[in-house]
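Please keep the sequence and the coordinates at hand while reading.

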Amino acid sequence: MKRTDKLVRPNVLKLVPYSCARDEYEGSDGIFLDANESPYGPLNRYPDPRQHLLREAISRHRGIPVRNIFLGNGSDEIIDLCFRIFCNPGKERAMVFTPTYGMYGVAASVNDIEVIRIPLDETFNIDLQAARPWLQDETLKLIFICSPNNPTGNCMDQETIETIIREFNGIVVIDEAYGDFSGKPSFAGRTGEFDNLIVMQTFSKAMGLAAARVGMAFGGTDLLKYFFAMKPPYNISTINQEAALRRLKETGELTRRVQTIITERNRLASRLAALPVVEKVWPSDSNFLLVRVKDADYIYNTLAERKIIVRNRSREIPGCIRITTGTPEENEKLLSELEKIEL
Ligand code: PMP
């Protein structure tokens, strides 16, 4: 038994995956009378359960072997699968570094898993000293590291991440949803180095395809085999697989768009910093900005009345709102509305 198998829930270890019609015969040519579909198209056939074409295209795009790629119905499905594969309900725990993306906590609650919340330090980095005592705790099975982090916008220190992966015997999940905006090295190609590492990315942010719900997990086959065994067979629709495939063919346009968003984010950051209602704008490795303002609730509500919707994060970080970078026109409109606010 491998070290990673020992981290898997006993019921998952024993699981016999559902074998669907398209697992037994993979060719695309023939008379298909095996899946009780309608013979009349379009969209009458079930999707490819293993998403071969899309995973091959991602493999070429990201330089990662196909066998090390798993796709979920958004990263959110992958987060939920992590809990269901590795954590025994009511008994085991997961760790997050707060403030961070809310779905880790929600998925933990759904799966009856206690969450250890370690506050980020004053520079919004991981407080290794606070986390360390937990790394040897056998009930701790999962650590989520969101880098770049939502809502603080910054990447976590790379050496700290490596230390955690090395010292922890459970699974480390690095969520790189915003990685394409950071210019910092990704961990996606390093899952061969660490058998307990899973890296998540998504089509929802830089790829501009949030509507299609396609999330990616990169990891060793010893871990990914459990994700393939656990997922519903047709977790990504044909329409969504095709949308993602088309998007991967537009790489020139994608790179230009990411560059435009980064330039706009930087311009927005310096313009915001000069406004009287703004107290602080944190540097960002993502496509959004964390901004401390004079009265977060008032500013959030005033903008909403003017049909500009930002995220009020003042319950997690006092005085703060989170602003996504829009088009240059949208950003100008935001700035001019903020200029009008007097406090
Ligand atoms: N991870 C982070 C850090 C996010 O902020 C989000 C969405 N806001 C997601 C994952 C969800 O991604 P997906 O659309 O792929 O489910």
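Helices (H or I, at least four residues) and strands (E, at least two) are DSSP runs, numbered from the N terminus. With that naming, helix H3 (residues 52-62) is followed by Gly63, whose phi is positive, near 65°. The model is predicted, so local features need pLDDT of at least 70 and side-chain atom pairs count only at pLDDT 80 or more, whereas totals for chains, interfaces and linings use all residues. Residues are numbered from 1 along each chain as its sequence is written, and side-chain values use heavy atoms, with hydrogens and water left out.

**Helix H3 and its cover**

A residue is called buried under 20% relative accessible area, exposed over 50% and partly exposed in between, with a 1.4 Å probe and protein chains only. In H3 the buried residues are Leu54, Arg55, Ala57, Ile58 and Ser59. Their cover includes strand E1 (69-72), strand E7 (215-219), H8 and helix H9 (238-248).

**Aromatic pairs**

Rings of Phe, Tyr and Trp (its six-membered ring) pair if their centres lie within 6.5 Å; planes under 30 degrees apart count as stacked, over 60 as edge-to-face and the rest as tilted. There are 10 aromatic pairs in the structure, and two of them are set out below.

| Pair | Centre to centre | Angle between planes | Class |
|---|---|---|---|
| Phe86 and Phe227 | 6.2 Å | 55° | tilted |
| Phe124 and Trp282 | 5.5 Å | 45° | tilted |

Phe86 in helix H4 (residues 75-86) and Phe227 in helix H8 (residues 221-230) are 141 residues apart, and their pair links distant parts of the chain. Phe86 is buried, with a relative accessible area of 0%, and Phe227 is likewise buried at 0%. Ring pairs also join Phe70, Phe86, Phe227 and Phe228 into a cluster.

Phe124 lies in the loop between strand E3 (114-119) and helix H6 (128-135), and Trp282 in the loop between strand E8 (278-281) and strand E9 (288-293), so this pair ties together parts that are 158 residues apart in sequence. Phe124 counts as buried at 10% relative accessibility, and Trp282 does so at 13%.

A charge sits over a ring if NZ of Lys or CZ of Arg is within 6 Å of the ring centre and within 35 degrees of the ring normal. In this sense the charged end of Arg50 sits over the ring of Phe228, 4.4 Å from its centre, while Arg322 lies over the face of Phe288 at 5.5 Å from the ring centre.

**Leu223 in helix H8**

Helix H8 also holds Leu223, which is buried at 0% relative accessibility. Counting heavy atoms within 4.5 Å as contact, and leaving aside residues up to four places away in sequence, Leu223 touches Thr4, Phe86, Ile171, Asp195, Asn196, Leu197 and Ile198.

**The domain boundary**

The domain assignment, which comes from an automatic or database source, gives domain 1 (3-249) and domain 2 (252-340). Their centres, taken over C-alpha atoms, are separated by 29 Å, and 18 residues of domain 1 are in contact with 18 residues of domain 2. Buried area is the accessible area (1.4 Å probe) that two parts lose on being put together, summed over both; here the two domains bury about 1500 Å² between them, 64% of it on carbon and sulfur atoms. Phe124, Pro151 and Phe181 supply 40% of the area that domain 1 buries against domain 2, more than any other three residues.

A salt bridge requires a side-chain nitrogen of Lys or Arg within 4 Å of a carboxyl oxygen of Asp or Glu, and the count between domain 1 and domain 2 is 1. Lys184 forms a salt bridge with Asp285, with the closest N and O atoms 3.1 Å apart.
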